Each structure stands twice: as structure tokens, then as C-alpha cells.
Amino acid sequence: MKKTTAILLTLAAIASSLLTGCGGEDETIKVGALFAVTGGASFLGAPEARTADMLVEEINADGGVDGKMIELIIKDTAANPEKAISFAKQLIEEDKVVAIIGPSTSGETMQIKELCESYKTPLISCAAAEAIVDPVAKYVFKTPQKDSYVANWVFTTMKEMGIKNIGIVGANTGFGNAGLGQLEKYAPDYGINIIAKETYDKAATDLTAVLTKLKAKDVEAVVNWSIVPAQSIVPKNMKQLGMDVPLFQSHGFGNIKYAEAAGAAAEGIIFPAGQLLVAEKLPASHPQKEITTAYKTQYESKFNEPVSGFGGYAYDSIMLIVKAIEKTGSIERNDIRDGLESISGYAGASGVFNMSASDHNGLDMSSIEMLTVENGEFTLYK
Amino acid sequence: MLKNRMKQYTPVAILAAAILLIQLITLISGTGYLLTQLTMSAWYVLAAVGLCMVMGYAGQISMGQAGFFAIGGYTTAVLSTIDFTDRLSGGLPRLLDSMHMLITRETIYGDTMTYLTPWASLIAAILIAAAAALIVGIPVLKLKGHYLAMATMGFGIIINRVVLGTKAFGEADGITNVPPFKVLPFFEVSGDFNIRIGNYYFAWLIVIIAMVLLINLINSRSGRALKALHGSEEAADAMGVNTARTKVIIFMIGAVFAAAAGFFMTHYNGGIGPSESSVVKSVRYVSIVAVGGMANIWGTLMMGMVLNFLSLRGVFGHFDDAVFGIILVLIMMFMPDGFIRKAVFYDIRNFVNRKIIKRGDK
Amino acid sequence: MTFDQVLQYIFSGITVGSIYAFVAIGYNIIYNTTGIINFAQGEFVMLGGMIAYTFSGFMALLPSVIIAVLLTAAVGGVIENVFIRRMRRTSVLGMIVITVGLSILIREFSLYIWDEQIRALPFFTGSEISSVEIIGARISPQVLWVLAVTAVLTVALYIFLKFTLTGQAMRACSENPKAALLCGIRTDRMISLSFMVSAGIGALGGCVVSPLTQTHYAMGSDLAVKGFTVAILGGLGNPLSAVAAGLLLGLIESFSISVLPMAYKDVISILILLIILVAKPSGLFGSRAAAALKDY
């Protein structure tokens, strides 16, 4: 009989929690956010969440959008797809958000792409994979530059340097896999041969064995497509092995801390990234000069840490929603979607967005620059 | 005897009534969306009670339950996302078609997709999980204590690394766009909001069936053998109980429960990712069993329901993993017999008697 | 494969293997005095690196490493005094569960103290780009530091366990705690000491490898698994053979990369673990008879 009491007690507790909850209606713009603030992708999600919070606070302090305040609901998915799905359903149905920004990773975004499409909720992903916007789903957008642009920039630079045979390495994350795929896809267009390809565990701490494999094949350049910690380990290990060939990294390297972690070994690394990282070195006439400098200064003074490209993705996501609402004057999901699709010429943190029905990313090749590390600082590569 | 039998099923009846009650409450209060997380919890509960049999009743620690969950989920995710549309003339697709094992549906992009019926992948999932449990269980269950814990965890890590490193399993991105599972002509397992109530009842119905199976198992002859096994393996052996065989069978049952849970969850969510196979997830199942009272399938069920519900609703925020860590530490320090057990209720009653009723007397 | 490459793989394997050995030694010391496998062992390596990094902002490298070792040892002591001591009479299952729980808590705490960024201590000598050539293979000077510290530690541990009174008392606790108690050895103190020593050793390892592998709040659990594999490979309860086993596993992993994709590296080491567990639970260097007497 005691079991019976036990069951009844627990259920009573659940029941009472069910009864409370539903809140009233008010005139705020509810925006949902799914970020991997903790867990394996926290280096993406944490700056994204900080940026989104900061920006929304600022917008509201300035009187909101068309007089309405933004209410940002951030959910921490810890990069778990099942949580992303559960939270997305909550945001769509209970919180009735006008749009969702995030998730931080490609895997999570793909898991909720169909969901957002079915329930007609605009989703502005902060993840990089091409598959998010190809094929185009009516309600799904993304702010980071496409991997293919990044790959093309890398190869363009290599061609100028006269490099023919390269080795590519990457981590076994969604980011790494997608990147290696793009590299393999575009290499033939530039007459470049990939003579070695390796993936390693994302938490790998010593990569000399992998690089030895590449060294033995006499590669003329190495491309590493990964995130922390490997992207600081690869340059160190290459120097240890005495490999003097150029090292290219992905746009995931876009945080000066990663260069610091690699110390002197980071010098000369070439990588593609958005203009945000070199905001103060941009010419005054550059369309992104104003916004990137403003965001960078604000973020760095508020959080006392260097800005990264990732935070910029969240920045643009929020700003795109704001632009869409300003444009259509409505906070209906469908109107916001239409508004998003019609945005053109908006200079954001990651580039100039020109959305269209067939392009839900809206950035072009010019959203990327080749950067390099010089005296411990990011500068434009020439 | 009959009365005893009836008594065993009282909790089942209460569970069924509670499931009904919860749905009615959400209906009245207009919070029907809560059923989404309650349905997901049901599937996790199924995997947790399976582990409870292994840990509580057979006394074998298993830190690889998420591996079996992933086997179930990934099996169906792979099999039911193969598109046969352009290959219908081939030998195998024709054979499958003639057996009515192919289903056609339209994707959100307007393409048609022809895929294998999930019934086939359900059978495959269960068979693969049972076979894996058999192959792993026979040698590994001979081990004890730390060695057993590490060996089962090792199994889980292997599954996790294989999933992460293999193209067919979607590597780090997992597998998406898994079609719904049409159980009956008018009902399917999927995340569609319109059939959420049906899915809620279906999930808990499966859990109830599982509980009835387990009650019968616990009270059967082999169940008594199990009890002996948990007490002392040597004694059970001496009494003529085939301990090695019993352990492997229970391990397989636990694995099949987890695989079935993974199968249904994958269709409900429309996809699966590598996080379902992680060690952290396995530890989570262990903590649910521990807090439920180890050898207490009802305690496991309740804690599984409550903790997963809260976790999936994001109540724990950034502290989701930390909460489960705290649970493990606190339970082991202060209530090694679990939170859901008789003594706790006696304590509560005594507390109420002492503090509240006495105060009333003054 | 040329000779140079073989040598390169060997050095790479030894570097990684040394890290595993640091964790495995810690497992063994605690196991010896208590019969507990402390699944939070990997977290000590992380704590060592993190604390040393934090202090190296204010002071020279050596004192910050010393502080890191001492503080982590203190954490080990606290864990034993606050959690493990109260648990001593419970089942093996309970011990596994609580140490797993503790490792989660330490990890989550570290996330809040040090955030999600990776950190690296400066190189002890030279810098990221310096490299030493040894018979055709090129390695970072830090690798030599790792090897030297591992060697010194191994010898020191051997002397400590074999020739000092405390070391002998610790060994006595492992062989027969009741008899040890009767002989006037304060087993409680020995157990606390063993947690502190193994935490300190883990932290030292974390500091030495930090320049090479960097330090990240979530690095502990992977190391715990590898360290346990090594501890079993060498025979549980034998800190010295753990060093040999660590180097062996490091070499196996390193050479496996030359033939297989690296993504499956962990699968190989775990398969080795499973095979050893099933076929020869006493470990490669342990005796079967001695193992049969132990209660895992």
C-alpha cells in the first residue's frame, strides 16, 4: 500500500505543477534562442548567448522596436539534439515566439529544420553547414558565411601561392565534417590535389602522429578544419615536427584567444574570417566598419574578453529579426518571414546581407577576408 | 493467492489512472503542450526501468545503457531514411514492395520518398540490441564491481565513437528527417502536435505493458532466482540457479527495453544525434535508477518521469548535468537505498505528526 | 614507413602515454589503500592545469605549478574527508556512483570558475616553435620535460613506497587493512594521504602537459577512461607497472593512427581494455593468483 501512497504523492506534485504556468498576453516581441551555452559546443553558444543578451538589452534601452520591447528567451541545449527539439517545441507552442535564433550547431539545426518549417516559425540558425539553407526551406535562414565561400577563399589563396598538393585534417564534429566535405568538393576546381585526409577526435590532445602521416607525404600546405582545442594544437605540433609548410585554418579560428593559446606557433597561420575580427583595420569607407567597430568595442568592454565571429552570428540573427519587423511593421511569424526574405543591403557583423527567395543566407564571397596572425594580432592577409 | 496477485497490479492501475488524470488536467488548464515532454519522458523511463532490472534485481552495474538506446534509435534512423524512390526497379526494393513493406510519403520540400516500413526496423532494432547484449553480456557479466562498470562503460563509448566516426550514422550531426511510424491506420508515432495526445497515451501504454511484464518476471520462478542472485551469487549458484544465464537474460531484457525506447523516441523526435549515446546519458540512467531506489521499478519510473520531464523542459538551465551529479552524490551519501522507499514516507509522516500535529495541540 | 617516421610515432606515443600514466598512477595509489576506483581522477589533471594557469598570471611558472599541486592535493583531501569517508561501508556500486557524481560536479564547477575557454601554460623551456632533433625525429622540448617528470616521479614513487615508513604503511593498508590497524597504522590518515598524493600527482601531470595538450574544463572524463584502461592493463594496484602500461597504450594508439583513421583510435584502446578485462583481469604484468585474492 505504501507504493500506492508514493505514486499518489508524486503525481499530485506533478499535477500541481501542471496547473500553474500559463501567463497572460502582453505587447512584447517574444524571440526564442537555442544556444549550446554549456557542453561540447559552449565556445559557440556562450558568446552567442552573451551577445544576444547584450544586444536585446541595448535595443530595449533605446525604446525597443517600433515601441515594443523584445523579450528574449534563451534555452541552453548543451548541443543535444533531443533537447533542441524539446525546447523548439516549447518555444513554438507555449511561448509563442515570433522567431527562433540558433541553434549553435549544424546537427541541432538540421533536427529542428523540418519542425520550424511545419509550424511556420522563422528560424535563423547560427550554424555553418550549407544543408541548413540548401535546399531552401521557407522559414529557415542562417547568418554565418557558407562553408563553400570559406573553402573557395582558401583555395584561391593557395593558387596564388602556387600550392598544388595539400593535406587536410579536421575534427569529428559537424563543423569539421562539413568543412572537409567542402574542401574535397572544390579542390579540383582550383587544380589542387588533396593527397591526405584525416579526421581526429574533437578532444584530441596530441596530433603529432596525424601530422607525421601528412609530413611523410610531403604536403605543400595543411588545412585544419576544427575548433578548440585542436586548432591551437595543430600549429604547435607542426612546429615541433619541423613542418615549415603554410597552415590554413577554418573560420573557426576566429577568436584571438585561440591564437594566444598557440603562442608563437600561431604566427603566419592563414585563415578566412569575417571582417569583424579586423574591425579597426577596415577602411573607413567599408560598409561594415561602423557596425563591427561598435559591436566589438561594446562586447569587449562589457565582457572583458575578445570578440569572436560566433557572437557576431547571434548579433546578426537578432538584427535581422529587428529589420524584418521594422520593414513589415508586424510581429506575425509569416510577416517576419516575408520581411527576412526581403532584406537587402543590411551591413551586419558577418557581412552584407541580401536575402532572396532562393538564398536564405544572403552573404556573398565578399563577406570573407583572408586573415593572418602577425605579432599575436589578426591582420588582413595580402 | 489471488488477492496477492491483485495487489501486485494495484500500482499499475494507479499509474494508468494517473496518466489519464494528467491528460485531463492539461486539457482543462489548456497546457496540452506539456504532454510533449511527458511523452519523451515515457521513452526514457522505458530505458531506465530496463536498467533497473539489470542493476537493482540482477545486481549488475551497467554504465552503457545509452549504447543500447542508440542501437535502437540509429537502427531505425538508418533503415527508414533509405529512399527507394529511384531504385524501385531493383530486386530488393521489388521484393520489399511485394511484401507491402514500402511506404511512400511526401517531404516538406514536395518530393516523394519511398521508405522501408518502421515495423521492419523495429524488429531489426530489437534483434540487434539483443544480439549485442548477448555478445557483450556473456564475457562481461562474469566481471564484478569496477571491472564490470568499466567494461559496460567501454561498450557505451565504443558505440558512441562508432556513431561519431561513421558516415552512415551522420557523424556528429546525427540523422534527421526520420519518417513517422504508422502503428495503426489512424495512428502514428511522430512529433505532430495534432496527434500529441494519442502519442502520450501510446507511450505510457507501452510503459505499462513493460511494467506488467516486469512484475510478472519479478514474481515468477526466475524472479525468485533473481532475488537470490542479488543476495548472494554463490548461494544462488549452490541452490541450482544458473546465475550466469540469468544475468545474461536480464541484461538482454534491459537492452531490448532501451533499444525499443530509442526506436520510438527517434520516430517521435524525427531524428537522433550522438548525444543519445554519450557516457553522460548512461550516467543519467544510472542516477535515475539510484534515486529511484535501485531495486524498485516503481521508484525508477517515478523519478525517471519527474527528472526527465524537468530536464527536457529546461528547468535546470545551465545546471542540467550538475543536477544529476548532485543527485548521485547526495543519494549515495544520505539515502543509498534511494529516495522513493517506504522509510522516507514514514519519516515524512513522523515529521508531520511531530511538527504539525503537535503544534496544533498547543 | 621510414625510420624517422617510426621514431616520430614512438615519441608521439610516449608523450600521450605519459599523460595516461599520470592518471593511472593516481588510480592505483587510491585503489591500494581503499579498494576504491576514483572515477574523478581525470578531473585532478584538469584542475592542476587550470589552477597553475590562473596563478601563472601573477607569478613565475615554478611557484604556480607548486601551488597548483598543493591546492589540487587539498581538493583530493576534501573529497576524501567530506564524501568518501562517510561512504566507506557501502557497496562497490555506491563507490562507483559517487565518484562518477563527483567528477561531474568538479567539471561543472570548473566551467563556472574558468568558463569554456581553453588555456595553456607557457612552455617550460623554449616556446611553441622550438624543436629538438633527436636521431632524425623532431620533438618539442616540452616532451623532454614530460618524460623527465614521468621518470623522476616513477623513481620517487618507488622509493617512497618501498623505503619510507609512510609508504610501507600505505602498502600495508592495501594488503590487510585490519592487520595494519592492529599494528598501529592509522588507516584513516593513510587513506586521506593517498587521495592527496594521487590528486597532487594528477595535478603535476596536468601542469607538465598543459603547454602541449592545453587545458579545458571537460578534458577530465576522457582521461579518466584512458587512465583506467592503463591501470588495468598494468594490473590494478601496481603504480609502477602503470607507467609501462601507459607508455604501451600510448604507442599502440600512436601506431594505430598510421594504419587506421584517427576517429577510431578510442575504439581500439577500449577494445584492448575489454579483451584484457575478459581474458586476463590481472593485467599484463600482474599475477593471476594475486588478483584472485582481491575484491574488485
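Reader: Into which domains is chain A divided, and what makes the bounds fall where they do?
Author: Chain A of this predicted model is divided into domain 1 (28-145 + 293-363) and domain 2 (147-273), and the bounds come from an automatic or database domain assignment. Residues are numbered from 1 along each chain as its sequence is written, and chains are lettered from A in the order in which they are written. Because this is a predicted model, local features need pLDDT of at least 70 and side-chain atom pairs count only at pLDDT 80 or more, while totals for chains, interfaces and linings use all residues.

Reader: What makes residues of domain 1 of chain A and domain 2 of chain A count as in contact?
Author: Two residues are in contact if their C-beta atoms, placed from the backbone, lie within 7 Å; by that rule eleven residues of domain 1 of chain A are in contact with 15 residues of domain 2 of chain A. The centres of these domains, taken over C-alpha atoms, are separated by 29 Å.

Reader: How many residues of chain B are in contact with chain A, and which helix gives the most?
Author: In chain B, 47 residues are in contact with 46 residues of chain A, and H1(B) gives the most to that side of chain B, with ten residues. H1 of chain B spans 2-29, and it is called a helix because helices are DSSP runs (H or I, at least four residues), whereas strands are runs of E of at least two, both numbered from the N terminus.

Reader: What makes a residue on the side of chain A that touches chain C nonpolar, polar or charged?
Author: Ala, Val, Leu, Ile, Met, Phe, Trp, Tyr, Cys and Pro count as nonpolar, Asp, Glu, Lys and Arg as charged, and the others, Gly among them, as polar. The contact takes 33 residues from chain A and 33 residues from chain C, and those of chain A divide into 15 nonpolar, eleven polar and seven charged. H7(A) gives the most to this side of chain A, with six residues.

Reader: Where does UniProt place "transmembrane region" in chain C?
Author: The unreviewed UniProt entry places this feature at several spans of chain C, including 61-79 and 143-161, although such annotations may be inferred rather than shown by experiment. Residues 61-79 of chain C are 100% helix and 0% strand, with end C-alpha atoms 27 Å apart.

Reader: Which helix of chain C has the lowest mean pLDDT?
Author: On pLDDT, the predictor's confidence in each residue from 0 to 100, helix H12 (residues 288-293) of chain C has the lowest mean among the elements of that chain, 52. Where pLDDT is low, the predicted coordinates should not be read in detail.
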